[in-house]
Amino acid sequence: MQLNRDSKWSEAPSHLLKKEGERRYAELFTVKSPSNQFIVDITDFGGIIVRIQVGDDKGNLSDVVLGENSCSEYVKASTYFGATIGRVSNRIAGGKFKLEGNEHQLAVNNGPNHLHGGLEGFDKVWWNCSRFELIDPPKEISIQNSEISPEREEKIALLQFERTSKDGEEGYPGGVALTLRYYITSRAVVWELLAENLDEKSTLVNLTNHSYFNLEGGDSIIDDQVITLNADHYNPVDSDCLALDSLQEIEKSSFKGIHKEGVSFGSLFANFGDVDHSFHLVGKDATKMTLKGEESMTFVARVESKKSRRKISIYSNQPCVQLYTGNFLTEEIQSFGQKCRKHGAFCLETQLPPNSINRKEYAQSTVLTRGKTYQNLTAFVFQ
């Protein structure tokens, strides 16, 4: 594995210089596999996955995620390309919640709701690099019943970031110590997000990564790519994409087949329409928080492209995954200077139930109490 650190990848915008003091540049961390068939770029701004270049069956490299060329472009964008999302991912109804008897009002930044941590969530702040080195694969990143487990490799890359989210940041109560780890192998990116409550008061935590994937790269759409989800129910949403309280059986819906043999995105669009929904994974308990060490990674989803013959398999310790099919991508939005297209990428955001604090059954799933450590451990495995 080859490691490279570009300490002056992109100059920071002026408003970040004022807020963050002496830090003038965003850094770019690159990991390249021995075969040069897997190259990953990550920046310390927003903990963002900038690029994932993957070889096809003929050895041709393509970038399979959407991204930006500079720190300034990530600041301006509202797409969350490759970003670390928090303090709470997805939507909170009206930006309001009640916790330990106190009412809290967050920023309303997505129609009538709060989205992805607010106006300046974890995607728009600096993360401090504390480690970038080759290590022996830790047991924690093993994947049950898998022949492609990252722990089978001799050496892997570790990129570790840290930051503290203070009490009151973006309106959230309590302070949390955050750790973001990227374990990178010759064919996988395993990411771990940890949040430790530092305060006497409880807070909300529901973290994720918001990478947009297209296994064919370029400006193609995803219609012909086939998705399989290890889920049995999904959450219907209202007109603002806010999850409703009810759950719908996949077998009795227009998603029928997605949990068995898989379906093409094109058929999903024809039978269901645009997708921006949370799916409940088989065998997972969505009513409780995922604390460190309590849950191992299990199969979440698989997407395949017959054209490029690339495949991504996703594993996680989370109970839910938000499938988003790039419904709001337009030609006014660019990825690396190239115009985007509707349905030009998909996101699979592993997480706890959306708007859980305002839903009686799931109200405790995102509440982090004093001394507890939340964990999201997820693997993107490419073949």
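Biologist: Is Ser305 buried or exposed?
Modeller: Ser305 is buried, with a relative accessible area of 3%, where buried means under 20% relative accessible area, exposed over 50% and partly exposed in between, using a 1.4 Å probe and protein chains only. This is a predicted model, in which local features need pLDDT of at least 70 and side-chain atom pairs count only at pLDDT 80 or more, while totals for chains, interfaces and linings use all residues. Residues are numbered from 1 along each chain as its sequence is written, and side-chain values use heavy atoms, with hydrogens and water left out.
Biologist: OK, and where is the place of Ser305?
Modeller: Ser305 sits in the loop between strand 22 (298-304) and strand 23 (311-316), strands being DSSP runs of E with at least two residues, numbered from the N terminus.
Biologist: Which side chain has a polar contact with Ser305?
Modeller: The side chain of Glu216 does, at 3.0 Å, and the Ser305 side chain also reaches the backbone nitrogen of Ser308 at 3.1 Å. A polar contact is a pair of N or O atoms within 3.5 Å; within protein, one must be able to donate a hydrogen and the other to accept it, and residues adjacent in sequence count only if both atoms are side-chain atoms.
Biologist: Switching topic, how many strands form the open sheet?
Modeller: Nine strands form it, in the order 11-12-13-14-29-23-22-17-20, with antiparallel pairing, and two strands pair if DSSP finds at least two bridges between them. Strand 11 (128-135) and strand 20 (263-264) are the edge strands, each pairing on one side only.
Biologist: What stands opposite Gln160?
Modeller: Arg181 in strand 13 does.

How values were computed: Helix = DSSP H or I, 4+ residues; strand = E, 2+ residues; numbered from the N terminus.
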